Amino acid sequence: MSEWIDDKIKEIADRAAEKGLCAHCLGRVVAKAGTGMSNEERGMELADILGKDLSSTCWLCKNIFNNVPRYAQAVADALFTVESDNFLVGCRVEPEIIERERLLWEEIGTELAESIKSELNREIGKAVLPLVDRAVEFRNPQVVAVVDTRFASVELDVAPLYIYGRYLKLSREIPQTVWPCRSCRGKGCPCCGGTGKMYSTSVQEQIGDPAKELVDASEHLFHGMGREDIDALMLGNGRPFVLELKQPRIRDIDLDELERIINCSELVQVQGLRIADRSEVAAIKAATPNKEYRAVVRVEGKVNKERVNEVAKSLANLYIDQRTPSRVSHRRADLVRRRRIISAEIEEVRDDTVVLRLETEAGTYVKEFISGDGGRTVPNLSDALGVPCRVETLDVIGIKD
Ligand SMILES: [Zn+2]
Ligand SMILES: [Zn+2]
């Protein structure tokens with residue numbers, strides 16, 4: 001039965017045992033030898049063969065393994081405060097124990113050892129299993145319970161909950177995300193009426209606040225596939241987003257109910273809510289979909305319908321060069337970007353207004369394409385029509401993802 005114990009292992013274990021170790025700590029110095037048993041069993045077998053006594057006060061761990069049932073109960077109690085299908089145990093061990101272990105390994109020259117943290121995590125996890133009706137999950141745990149072994153206290157690290165959907169923005173007065181006050185940066189001051197925000201609400205809050213409440217989360221983050229200007233509506237098929245809910249106590253969320261609650265808002269609507277995962281955040285951030293716009297354009301001068309239609313035709317498949325617009329040049333590098341107008345269609349021509357439908361490549365500055373931005377965008381609609389044009393309202397009516 002002890003064929004896993006060769007002379008080398010005997011030698012290592014013999015030197016380790018000199019320190020006065022418990023069965024766990026003795027077994028652990030050669031943990032990688034002899035599979036299918038716990039370190040404790042391994043240690044007892046070694047002590048037996050070497051004819052050594054196991055220590056009743058372990059030099060290395062000070063009998064920390066006696067506390068495993070206590071740690072397990074503390075983990076179970078903490079886990080019961082949140083909803084999850086699975087969990088993983090982690091632990092913090094006092095630095096003196098880690099240091100003694102490092103010295104011991106150095107002294108006895110073992111390459112077969114396992115760390116005390118790793119054994120504690122496993123042994124506590126095993127002891128938690130019968131106390132909770134949840135599985136252990138190593139790769140993607142919904143909750144990591146971190147035990148501080150000095151105080152038997154437990155901290156929970158709950159994985160965020162991600163919800164994917166598409167939103168419509170029906171107001172020209174709210175931004176996509178929470179916009180902290182410029183003067184106080186969110187603390188609250190007279191400028192912002194104590195709210196800490198530049199705008200009373202946002203797409204993020206209209207969606208995130210009810211979601212946060214439903215799952216009892218600590219906060220929400222909003223990841224949109226790009227964003228529209230505050231004064232632009234987001235219509236059509238909506239803009240994809242992922243809502244991230246931090247430290248949710250509830251994971252089993254009723255998305256139909258959430259959709260119903262959000263859609264009571266007159267400012268924001270959502271559709272197609274589903275549970276997502278972390279990888280979709282990066283995907284949504286990296287996406288560069290073409291976009292479709294409806295622009296109501298004020299034309300400062302007389303134009304006739306035929307002329308407007310003729311110009312619209314010439315815009316299809318047109319490459320334009322856009323120098324960083326003056327309105328954003330304070331926060332973006334001054335560059336010239338080449339973008340494509342994919343299609344243009346006139347919906348309506350009135351005396352001094354033209355309603356234009358445009359499909360453009362991602363990253364096109366539409367307002368500047370229409371005004372010309374003082375010659376920073378060429379070619380542009382104003383030059384093409386021969387009269388100054390400016391956008392009165394601009395709505396996104398399609399995200400072509
Ligand atoms: Zn020990
Ligand atoms: Zn403020």
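This is a predicted model: local features need pLDDT of at least 70, side-chain atom pairs count only at pLDDT 80 or more; totals for chains, interfaces and linings use all residues.
Pro130 belongs to the loop that runs between helix H6 (116-128) and strand S2 (135-136). From Pro130 to Phe369 the distance is 66 Å in space, C-alpha to C-alpha, and 239 residues in sequence.

For comparison, the ideal angle for four tetrahedral donors at a metal is 109.5 degrees.

Attention may now turn to strand S7 (residues 233-246). This strand is mostly covered, with ten of its 14 residues buried. S7 pairs with S5 in the antiparallel sense, over eight bridges, and within this pairing Leu243 of S7 is the bridge partner of Ile163. Strand S6 (residues 219-224) also runs antiparallel to S7, to which six bridges join it; here His223 stands opposite Val242 in S7. With S14, by contrast, S7 runs parallel, and two bridges join them. Asp395 in S14 is the bridge partner of Leu233. In a regular strand the side chains alternate between the two faces of the sheet.

The open spaces of the model come next. Rolling a probe the size of a water molecule over the atoms shows where empty space is left. The largest pocket holds about 1,200 Å³ of space. It is lined by 38 residues, of which Arg227, Glu228, Asp229, Arg332 and Tyr365 are the closest to its centre. At least two lining residues come from each of helix H9 (279-286), strand S9 (290-299), strand S11 (336-349), helix H11 (366-371) and strand S14 (389-400). The lining of the largest pocket comprises 17 nonpolar, eight polar and 13 charged residues.

The second largest pocket contains about 430 Å³ of space. Among the 17 residues of its lining, Asn140, Pro141, Ala159, Pro160 and Arg251 are the closest to the centre. Strand S3 (143-148), strand S5 (161-169) and strand S8 (268-276) are the elements that give two or more residues to this lining. By class, the lining of the second largest pocket has nine nonpolar, three polar and five charged residues.

How many cavities of 30 Å³ or more does a search of the whole structure find? The search finds one. The volume of this largest cavity is about 40 Å³. Its lining consists of Val308, Val311, Ala312, Leu315, Ile346, Val354, Leu356, Leu381 and Leu385. In class, the lining of the largest cavity has nine nonpolar residues, no polar ones and no charged ones.

Methods
Residues are numbered from 1 along each chain as its sequence is written. Chains are lettered from A and ligands numbered from 1 in the order in which they are written. Side-chain values use heavy atoms; hydrogens and water are left out. On a 1 Å grid over the protein atoms alone, a cavity is a set of points where a 1.4 Å probe fits but cannot get out, and a pocket is an open set with protein on both sides within 12 Å along at least five of seven lines; lining residues have an atom within 4 Å of a point. Grid points are joined across faces, edges and corners, and a volume is the space filled by probe spheres set on the points. Helices (H or I, at least four residues) and strands (E, at least two) are DSSP runs, numbered from the N terminus. Ala, Val, Leu, Ile, Met, Phe, Trp, Tyr, Cys and Pro count as nonpolar, Asp, Glu, Lys and Arg as charged, and the others, Gly among them, as polar. Buried means under 20% relative accessible area, exposed over 50%, partly exposed in between (1.4 Å probe, protein chains only). Two strands pair if DSSP finds at least two bridges between them.
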